[in-house]
Amino acid sequence: MTIYIALLRGINVGGHHKIKMADLKNVLASMGLQKVKTYIQSGNVLFESEEGAEQLGKKIEDELNHTFGFPVPVVLRTAEEFQQIINDCPYSSDSLREGESVQIAFLGGEPTREGIDHMYNYNSDLEECKIKGKEVYFYFRKSIRDSKLATQLSKLRVPATVRNWKTVVKLDEMLKL
C-alpha cells in the first residue's frame, strides 16, 4: 500500500464549493481508499491505496465532481515525495519575522521552461520563489494577499494548489502517526 496526500484545490474558499470533511472522507472511503484522514477545511487528505497516482488522481476528481456537482482539481503526492518536498525547501521557517511566510504551490504537472522563467522574472526584495520539479517554494516578506508573484502561478499552465508551511508540517506529522 502506498500512502498518499491529496491536496484539493478551491474548496471551502469564500463560501464557494463547500464540502464537509466528513462527507469527503466518506466519499473517498467508499472508493476503497484505506485509512482516510482529513486536515482542516481546505481539502487536505491522507489515505492509503494500491493504485498508481496518475489513474487515482483522475478517479478521485471524477468521483468528487459526480458527488458534489463541481470540478475539484486534485494534486497527489506519495509520503516519500512529500518528505522530499519538505527536505528540498530552500527557505527556513525558523527565522521568519512578523508578516513573513513560506508557502508551497503543489503543481499538477511539470511546468514549462517558459513558465518557470516568467515566474522568476517576478522575484523581488519583497517576495521570491524557487521552483523544483512540480513544486514552487515561495518566500513572502509581506503578506501573500498583495503578491504580484503569486498571481503569476497560472502562467505555469498546470493546475496548482498552495499550502502554507504550517499546514505542510502538520501533514508531515500526520504521515508519521
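## The end of helix H2

Let's start where a helix stops: just after H2, Gly 69 adopts a positive phi of about 85 degrees. Keep in mind that this is a predicted model.

Helix H2 itself runs over residues 53-68, 16 residues in total. From first C-alpha to last it reaches 22 Å, close to the 22 Å expected at 1.5 Å a residue.

Which residues of H2 are buried? They are Leu 56, Gly 57, Ile 60 and Leu 64. Viewed down the axis of H2, these buried residues fall within an arc of 100 degrees, so they line one face of the helix.

## Tyr 39 in strand S2

Tyr 39 belongs to strand S2, which spans residues 34-39. Is Tyr 39 buried or exposed? Its relative accessible area is 17%, and the cut-off for buried is under 20%, so Tyr 39 counts as buried.

Leu 171 lies 132 residues away in sequence, yet the C-alpha atoms of Tyr 39 and Leu 171 are separated by 7.5 Å. Setting aside neighbours within four places in sequence, Tyr 39 is in contact with Leu 171 as well as Asn 44, Thr 167, Lys 170 and Met 174.

Note on methods. Residues are numbered from 1 along each chain as its sequence is written. This is a predicted model: local features need pLDDT of at least 70, side-chain atom pairs count only at pLDDT 80 or more; totals for chains, interfaces and linings use all residues. Side-chain values use heavy atoms; hydrogens and water are left out. Helices (H or I, at least four residues) and strands (E, at least two) are DSSP runs, numbered from the N terminus. The expected span of a helix is 1.5 Å times one less than its number of residues. Buried means under 20% relative accessible area, exposed over 50%, partly exposed in between (1.4 Å probe, protein chains only). The arc is that of the directions from the helix axis to the C-beta atoms. Contact means heavy atoms within 4.5 Å.
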